[in-house]
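Hello,

The structure we talked about is below. My notes on what turned up follow it.

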Amino acid sequence: MIRRRLFSPILRQYTIKGYVDYARPSNIIPCCEVLNRRVQSTVAVNESYIKKFMKAVGWMDQDRARLKLTGYFLYECVPEKIAYQQWFEVLDLPDTFASWFMVTELHVWLILVRYMAEDVTVTGNKKKYMKGDGHFVRNCIIEALWSDVANRIKLLEGANPIIAKKQVTELSEQFQAALVGYDEGLDDDKVLAAAVWRRFYSLSHDVNAEHVEKIVHFIRHQMVILDKIPSEDLKWKPQLSWLSIVDH
């Protein structure tokens, strides 16, 4: 098994300085005003062209705008509600930007899994996936994550802007690889444990196996809680609560 360098030495040595306001969506275009009802036939034709135009230039209707806000709100539930210091202490992780990102990444993945499940339909014994609201919210959450990462990297002590940009690119590649690894372990604890071991401890043989086990137990228990959130609540009023790593 090939051991990969998950974080470069530059990011490993940095701790986060200060606090940043998390990114919020901007440039949301309000819906068009209702046209004169006395010419309904003309309105119907005009609306169809308006919607096509809005879609072509990337404008969103009210539902999409609300879903985008939902995505950003969901991401904020991660850095604002996680007890990072507990994760660092219980799992023997250094208090660095790299550790912060790995813990954040894991929680973001848990939200993504729940939302992607919204786009899965079951017919008989077959599952079919179609891109829908879940996929849209997923992309908004990831967008919010990278906005936050970009802001936090600016706060790293002594960070060089050129090097920081390169590090964000590396983080993006590692993020994609981590999502694939976690996804593969959805139905198998051994595969999931291997993904956790690789991501959090770089396949080190000096790691305490109980730490990996704690993370796996946390993932399974947290998924059960997320699965109980009704679909309608996920769209318009999601309330997320995170379990403590101490209890696992």
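Start with His107. Setting aside residues up to four places away in sequence, His107 is in contact with Val78, Ile82, Trp87, Phe218 and Trp242. His107 belongs to helix H5. With a relative accessible area of 1%, His107 falls under the 20% limit and is therefore buried. Please keep in mind that this is a predicted model.

Next, the overall layout. The protein chain has ten helices and two strands. From the N terminus, the order of elements is α-α-α-α-α-β-β-α-α-α-α-α. The protein chain has 248 residues, and 41% of them count as buried. Take the contacts between residues at least 6 apart in sequence: 73% of them join residues at least 24 apart.

Now the core. The largest nonpolar core has 56 residues. Which of its residues touch the most other members? They are Trp87, Phe200 and Ile219. Seven helices each supply at least two residues of this core: H3 (62-81), H4 (84-90), H5 (97-116), H6 (133-153), H7 (161-184), H8 (189-201) and H9 (209-227). H5 gives the most, with twelve residues.

Beyond its neighbours within four places in sequence, Ile219 is in contact with Leu106, Trp109, Leu110, Leu192 and Val196.

Val216 is found in helix H9. Is Val216 buried or exposed? Its relative accessible area is 6%, under the 20% cut-off, so Val216 is buried. Leaving out residues within four places in sequence, Val216 is in contact with Asp189, Leu192, Ala193 and Val196. Val216 and Trp197 are 19 residues apart along the chain, and their C-alpha atoms are separated by 9.9 Å.

Leu243 lies in the segment after helix H10 (231-236). Its relative accessibility is 26%, which is between 20% and 50%, so Leu243 counts as partly exposed. Residues up to four places away in sequence aside, Leu243 touches Phe218, His221, Gln222, Ile225 and His248. Take Phe218 from that list. Phe218 and Leu243 are 25 residues apart in sequence, and the C-alpha to C-alpha distance is 7.3 Å.

Two packed helices are described by the angle between their axes and the distance between the axes. How do the numbers come out here? H6 and H7 pack at an angle of about 145°, and their axes are 11 Å apart. Their crossing is right-handed. On the H6 side, the residues are Ile142, Leu145, Trp146, Val149 and Ile153. They meet Ala164, Val168, Leu171, Ser172 and Phe175 in H7. By class, this contact has nine nonpolar residues, one polar and no charged.

Last, the cysteines. How many disulfides does the structure hold? The number is zero. Cys77 has 3% relative accessibility, under the 20% limit, so Cys77 counts as buried. Cys140 is also at 3% relative accessibility, so Cys140 counts as buried by that limit.

Best wishes

Note on methods
Residues numbered from 1 in each chain as written. Predicted model: local features only at pLDDT ≥ 70, side-chain atom pairs only at ≥ 80, totals over all residues. Heavy atoms only, no water. Core = buried A, V, L, I, M, F, W, Y, C linked by side-chain atoms within 4.5 Å. Buried < 20%, exposed > 50% of the residue type's maximum accessible area, 1.4 Å probe, protein only. Helix = DSSP H or I, 4+ residues; strand = E, 2+ residues; numbered from the N terminus. Contact = heavy atoms within 4.5 Å. Axes fitted to C-alpha atoms, helices over the stretch in contact; angles between N-to-C directions. Left-handed = near helix turned anticlockwise from the far one by under 90°. Nonpolar A, V, L, I, M, F, W, Y, C, P; charged D, E, K, R; others polar. Disulfide = S-S within 2.5 Å.
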